[in-house]
Amino acid sequence: MADDYLVRIGKLIRDARQHRGWTQSQLAEALGTSQSAVNRIERGNQNISLEMIARIGEALDSEIVSLGYAGPMHLRVVGGRRLSGSIDVKTSKNACVALLCATLLNRGRTVLRRVARIEEVYRLLEVLGSIGVRTRWINDGVDLEIVPPAELDIAAIDAEAAIRTRSIIMFLGPLLHRMDTFKLPYAGGCDLGTRTIEPHMIALRRFGLDIAATEGLYHAQVDRSVSPDRPIVLTERGDTVTENALLAAARHDGVTVIRNASSNYMVQDLCFFLEALGVRVEGIGTTTLTVHGVPNIDVDVDYSPSEDPVEAMSLLAAAVVTESELTVRRVPIEFLEIELAVLEEMGLDHDRTAEYFADNGRTRLIDLTVRPSKLEAPIDKIHPMPFPGLNIDNVPFFAAIAASAQGKTLIHDWVYDNRAIYLTDLNRLGGRLQLLDPHRVLVEGPTRWRAAEMMCPPALRPAVVVLLAMMAADGTSVLRNVYVINRGYEDLAERLNTIGAQIEIFRDI
């Protein structure tokens with residue numbers, strides 16, 4: 001290898017290590033080597049094999065190293081095993097990414113507790129770091145500290161990281177208060193079909209933001225003379241649309257009323273965080289939010305995002321599909337009540353504890369125990385609705401659950417252009433799913449799952465649904481290129497192994 005190549009690899013490893021919040025000694029211990037060897041590797045003074053690069057990537061859980069040099073991550077699943085015991089729900093992916101964007105409102109130090117260590121968060125941290133925001137993992141890598149610079153260097157933005165996350169669009173709301181003109185790369189994320197940003201623009205134009213899109217960039221210009229003179233009515237009751245409007249309103253000098261707002265879990269967590277910043281928000285949990293903006297926010301704040309109801313649904317579905325008895329702890333019940341009501345009608349045997357509060361002091365949690373059940377297909381179709389309806393992201397899990405039930409279930413996934421298509425990947429594993437049109441799937445159960453080797457669907461929730469079916473299938477399955485799962489779940493395979501699954505992570509070297 002050329003010396004400059006070793007130096008570039010060393011810098012990637014150093015950045016990945018620091019991103020994880022580890023010292024050189026901690027990485028050396030994980031690799032079974034010395035701190036001095038790690039120091040030589042990071043300075044580019046030691047030859048390094050592809051095998052060692054892969055081991056470092058595994059230790060640091062870093063696609064930065066592994067994707068470039070050792071190939072994508074795959075899962076080998078030995079199915080047909082029963083799950084048992086208990087597992088805690090991690091903090092919300094969607095809340096954490098919104099809160100990271102919201103830290104751009106604050107000139108002070110922000111500490112976010114128990115942040116989800118997922119690829120979506122890592123991409124945002126890369127973007128924040130590229131524009132001058134200092135971030136570091138603290139308290140043994142559990143919590144995240146964010147300290148902004150006096151001035152953001154938006155021209156230096158890491159475009160490669162930005163285009164791998166749709167969350168970058170939520171930079172628009174905070175940035176319009178910090179600069180008159182700026183550029184952002186197009187938003188990326190899951191492959192879920194065409195998703196227009198026009199609802200965002202309709203809301204943000206009321207704050208003077210004008211966007212022109214050319215050559216992969218959003219060109220933003222802000223007219224400071226423009227401000228909302230009447231309530232903002234969102235044309236789409238979307239989560240990120242509502243969050244962007246909230247982020248714009250938070251530093252607007254005046255009172256902003258947002259109607260047809262989402263009241264979903266990540267929006268509520270963002271509202272709670274804005275209150276910690278000193279912004280008064282009325283109507284949290286309803287579709288009308290009244291925001292009393294604060295033009296200058298410079299406070300040191302400590303906040304704990306709540307648990308993820310979609311991860312809770314994933315774990316619940318894992319128990320149902322594998323016919324297991326499992327306790328899922330720290331379930332945000334307010335955001336799973338419709339799903340549980342549907343499952344009760346299908347015949348789910350479960351118990352729940354009394355409610356208690358999450359660490360944010362606001363979100364209601366329960367512990368949920370699920371037992372093997374003889375499920376019957378629901379009479380009505382399964383379809384999502386904005387909160388408090390059945391969560392849009394939970395719909396795919398009903399495909400696996402319905403495949404485990406007796407009878408036929410119609411699933412109508414009307415929100416996305418092509419997510420329903422990916423659910424038919426379950427047919428490779430023995431499912432009987434008939435695609436009626438791009439939004440409707442007819443699922444017939446019960447299913448005798450069978451092992452298979454296949455590529456991971458490019459959408460997060462369908463990808464996890466395929467993994468759950470593999471866990472239920474007798475034999476050994478392989479799910480290739482699971483980066484999309486790592487975007488939304490922290491150490492999912494390892495955590496499932498602690499409750500009885502047998503999943504091996506591997507890469508093609």
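**Around the aromatic rings**

Guide: Happy to. Let us start with a cysteine: Cys 271 has a relative accessibility of 1%, so this residue counts as buried. Please keep in mind that the model is predicted. The sulfur of Cys 271 has its closest cysteine sulfur in Cys 101, 15 Å away, which is too far for a bond because a disulfide needs the two sulfur atoms within 2.5 Å. Cys 101 is buried too, at 0% relative accessibility. Its closest cysteine sulfur is that of Cys 96, and at 11 Å this is again too far for a bond. The count of disulfides in the model is 0.

Now to the rings. A pair of aromatic rings is described by the distance of the centres and the angle of the planes. The model has 3 aromatic pairs. One of them joins Tyr 265 and Phe 335, with 5.9 Å from centre to centre and 65° between the planes, an edge-to-face arrangement. This pair links distant parts of the chain, 70 residues apart: Tyr 265 belongs to helix α12 (residues 265-276), while Phe 335 is in the loop between β14 (326-332) and α14 (337-346). Both Tyr 265 and Phe 335 are buried.

Another edge-to-face pair is made by Phe 273 and Tyr 303, whose ring centres are 5.8 Å apart and whose planes meet at 70°. Phe 273 lies in helix α12 and Tyr 303 in strand β13 (residues 301-303), so this contact ties together parts that are 30 residues apart in sequence. Phe 273 is buried, with 0% relative accessible area, and Tyr 303 counts as buried at 6%.

Back at Tyr 265, ring pairs link this residue, Phe 335 and Phe 387 into a cluster.

The charged end of Arg 76 sits over the ring of Phe 506, 4.0 Å from its centre. Arg 117 lies over the face of Trp 137, at 3.9 Å from the ring centre.

Key: Residues are numbered from 1 along each chain as its sequence is written. This is a predicted model: local features need pLDDT of at least 70, side-chain atom pairs count only at pLDDT 80 or more; totals for chains, interfaces and linings use all residues. Side-chain values use heavy atoms; hydrogens and water are left out. Buried means under 20% relative accessible area, exposed over 50%, partly exposed in between (1.4 Å probe, protein chains only). Rings of Phe, Tyr and Trp (its six-membered ring) pair if their centres lie within 6.5 Å; planes under 30 degrees apart count as stacked, over 60 as edge-to-face and the rest as tilted. Helices (H or I, at least four residues) and strands (E, at least two) are DSSP runs, numbered from the N terminus. A charge sits over a ring if NZ of Lys or CZ of Arg is within 6 Å of the ring centre and within 35 degrees of the ring normal.
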